[in-house]
Amino acid sequence: MQTTGLVVSVIALLVSGVAVRYTTRIDKRDVFLKLHETLISPELQRGRRVLFDLYRRQGVVEDLSQEDYELANRALAALDVAAYYCEKKYVSEQDFLDLWAPALGRLKYAAAPFIEHRDRMFPGFPVWPHYRRLASQAESRLTSSGVAASVLSDRNL
């Protein structure tokens with residue numbers, strides 16, 4: 001009789017473990033999809049476009065309109081949160097980079113003037129550290145797969 005109770009308890013424990021693992025996997029997938037949907041929102045796309053346009057024309061951050069400045073700032077802040085989610089393993093960094101490495105690799109260069117501007121505003125406290133790490137990871141991943149660094153930094157793309 002005791003053996004039966006023990007067997008039932010072990011089976012219940014195993015079923016619980018499988019259920020927790022499955023639920024965690026589904027939750028991570030849902031977070032990943034929500035994060036992706038957020039990053040492809042028109043507002044964040046416009047913010048990234050502001051950064052690419054600024055880089056392409058070799059403009060100055062101070063010449064951006066208030067609206068464009070806020071769009072660019074929000075786009076980078078959202079990517080910093082995405083990178084933080086990767087670091088904390090709320091989402092798979094591998095999966096995230098499968099989708100976002102090309103954009104992050106190019107944005108690393110396009111956003112540099114804006115990031116430098118923000119760093120000057122807060123000396124000694126680099127802004128968006130999670131984004132910076134992930135953008136470097138994206139660049140490394142792309143260059144190791146044969147994408148030339150000059151392609152990523154090309155102002156005409």
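## Overall architecture

A residue is called buried when its relative accessible area is under 20%. In this predicted model, buried residues account for 30% of the 157 residues in the protein chain. The chain exposes about 9700 Å², and carbon and sulfur atoms supply 58% of that area.

The secondary structure consists of seven helices and zero strands. Read from the N terminus, the order of elements is α-α-α-α-α-α-α. When contacts between residues at least 6 apart in sequence are considered, 75% of them join residues at least 24 apart.

## The nonpolar core

In soluble globular proteins, nonpolar side chains tend to be buried together. In the present model, the largest nonpolar core contains 39 residues. The members that touch the most other members are Leu39, Leu76, Phe96, Leu104, Leu107, Phe114 and Tyr131. Two or more residues come from each of the elements α1 (2-39), α2, α3, α4, α5 and α6 (129-144). Helix α3 gives the most to this core, with nine residues.

The surroundings of Leu76 illustrate how core residues meet. With residues up to four places away in sequence left out, Leu76 touches Leu51, Leu107, Ala111, Phe114, Ile115, Trp128 and Tyr131. Among these partners, Leu107, Phe114 and Tyr131 are also listed with Leu76 as the core residues that touch the most other members.

Helix α3 spans residues 66-87 and includes Asp80. Asp80 is buried and has no salt bridge. The nearest side chain of opposite charge belongs to Arg132, and it is 7.4 Å away. Beyond its neighbours within four places in sequence, Asp80 is in contact with Trp128, Pro129, His130 and Tyr131. Two of these residues, Trp128 and Tyr131, are also touched by Leu76.

Tyr84 is likewise placed in helix α3. Its relative accessibility is 31%, and Tyr84 therefore counts as partly exposed. Together with Val31 and Tyr90, Tyr84 forms a nonpolar patch on the surface. The three residues of this patch have about 240 Å² of accessible area together.

## Helix α5: Ala112

Ala112 is found in helix α5, which covers residues 112-121. With a relative accessible area of 24%, Ala112 is partly exposed. Ala112 and Arg132 are 20 residues apart along the chain, and their C-alpha atoms are separated by 9.9 Å.

Gln58 counts as exposed because its relative accessibility is 57%.

Key:
Residues numbered from 1 in each chain as written. Predicted model: local features only at pLDDT ≥ 70, side-chain atom pairs only at ≥ 80, totals over all residues. Heavy atoms only, no water. Helix = DSSP H or I, 4+ residues; strand = E, 2+ residues; numbered from the N terminus. Buried < 20%, exposed > 50% of the residue type's maximum accessible area, 1.4 Å probe, protein only. Lys, Arg positive; Asp, Glu negative; His and termini not counted. Salt bridge = Lys/Arg side-chain N within 4 Å of Asp/Glu carboxyl O. Contact = heavy atoms within 4.5 Å. Patch = residues over 30% accessible without salt bridge, like charges linked within 9 Å, V, L, I, M, F, W, Y side chains within 5 Å. Areas by Shrake-Rupley, 256 points an atom, 1.4 Å probe, with all protein chains shown as cover. Core = buried A, V, L, I, M, F, W, Y, C linked by side-chain atoms within 4.5 Å.
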